[in-house]
Amino acid sequence: MKILSIQSAVAYGHVGNSAAVFPLQRIGVEVLPVYTVNFSNHTGYGSWRGPLISPDDVRDVIAGIEERGVFGEIDVVLSGYQGGEGIGEVIIDTVARVKAANPGAVYACDPVMGNAKSGCFVAPSIPVLLREKVVPVADIITPNQFELGFLTGTEPATIEQTLDAADRARAMGPRTVLVTSVERPDREAGTIEMLVVDDAGAWIVQTPLLPMKANGSGDVTAALFTAHYRRTGSAAEALARTTSSVYDLLQATHESGQRELALVPAQEFYAHPRMQFEVRQLR
């Protein structure tokens, strides 16, 4: 499998491609990383150095990849945080070019906009771009529950509301919706859930909620789910494998006492997930 991953990169820590690439490689996926920024560290620290890469330069790198004749071999285009409208246009154009070369390729979009605790933390134009232009051309999207509401103009809380919002998102274009950070009001205390909806049905998985914030965990989740789903064709299996790997990554990070993901120490959990959580079919 080959994945063209268009995301940010940092030298220190693990977000964007610096979070997604290694877990994908560890499960046997060939990754072609294209960087949209090249920062010293993620912006959550409050200060960082390094360049924001212009859309023209990103487009140029992608054109160089196309000139190597590999677009026909790419199975997935993966994108995460989009810092500006220009990058969105580059990604949309790239998806069209890859699909022209390989009609079986899919586009997986993590529509990063914010979360329930912090609210929306991207430029005001980005949610509009994602909703009106990017999501309609995606095959798979991986929003958190907050972002799903933003995309669909709803406020999903219960499972029924979240499923309805996922169906609304699917009506926009993507056939598969993975919803992360599902926090329904009637869930068991100290837990958090993920659910996925595709043409075959809907499934949910519950894990303990670890008392931590981990930048980059959503990037790992989107990458692993997309790869497992593409490889197996089963949303339920992809959900189970991804949940297992990401939970053990987060637990290892929590136990380390470090702020950044324990991405390398946790590598066996990507290659050999313990499959310790039950995936339950909702419909």
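I started with R59, which comes out partly exposed at 35% relative accessibility. This is a predicted model, so I'm reading computed values throughout. R59 forms a salt bridge with D93, and the closest N and O atoms sit 3.6 Å apart. That pair links distant parts of the chain: R59 is in helix α2 and D93 in helix α3, 34 residues apart. D93 is also partly exposed, at 28%.

E73 is in the loop between α2 and β3 (76-79), K2 is in strand β1 (residues 2-10), and 71 residues separate them. I looked up D186 and R184 too, whose side chains meet at 3.2 Å. D186 is exposed at 57%, whereas R184 is buried at 12%.

I see D56, D57, D60 and E67 gathered in a patch of negative charge on the surface. E67 lies in helix α2 (residues 55-67) and is exposed at 59%.

Then N102, in the loop between α3 (85-101) and β4 (106-109). I have N102 as buried because its relative accessible area, 15%, is under the 20% cut-off. Leaving aside residues up to four places away in sequence, N102 touches F71, G72, I74 and D75.

Last, helix α5 (residues 145-152): six of its eight residues are buried, among them L148 and L151. I checked what covers these buried residues, and the list includes α4 (125-134), α6 (159-171) and β8 (176-182).

Note on methods
Residues are numbered from 1 along each chain as its sequence is written. This is a predicted model: local features need pLDDT of at least 70, side-chain atom pairs count only at pLDDT 80 or more; totals for chains, interfaces and linings use all residues. Side-chain values use heavy atoms; hydrogens and water are left out. Patches are made of residues with over 30% relative accessible area and no salt bridge: like charges are joined within 9 Å, nonpolar side chains (Val, Leu, Ile, Met, Phe, Trp, Tyr) within 5 Å. Accessible areas come from the Shrake-Rupley method with a 1.4 Å probe; for residues, only the protein chains shown count as cover. A salt bridge is a side-chain nitrogen of Lys or Arg within 4 Å of a carboxyl oxygen of Asp or Glu. Lys and Arg count as positive and Asp and Glu as negative; His and the chain ends are not counted. The place of a charge is taken as NZ of Lys, CZ of Arg, CG of Asp or CD of Glu. Helices (H or I, at least four residues) and strands (E, at least two) are DSSP runs, numbered from the N terminus. Buried means under 20% relative accessible area, exposed over 50%, partly exposed in between (1.4 Å probe, protein chains only). Contact means heavy atoms within 4.5 Å.
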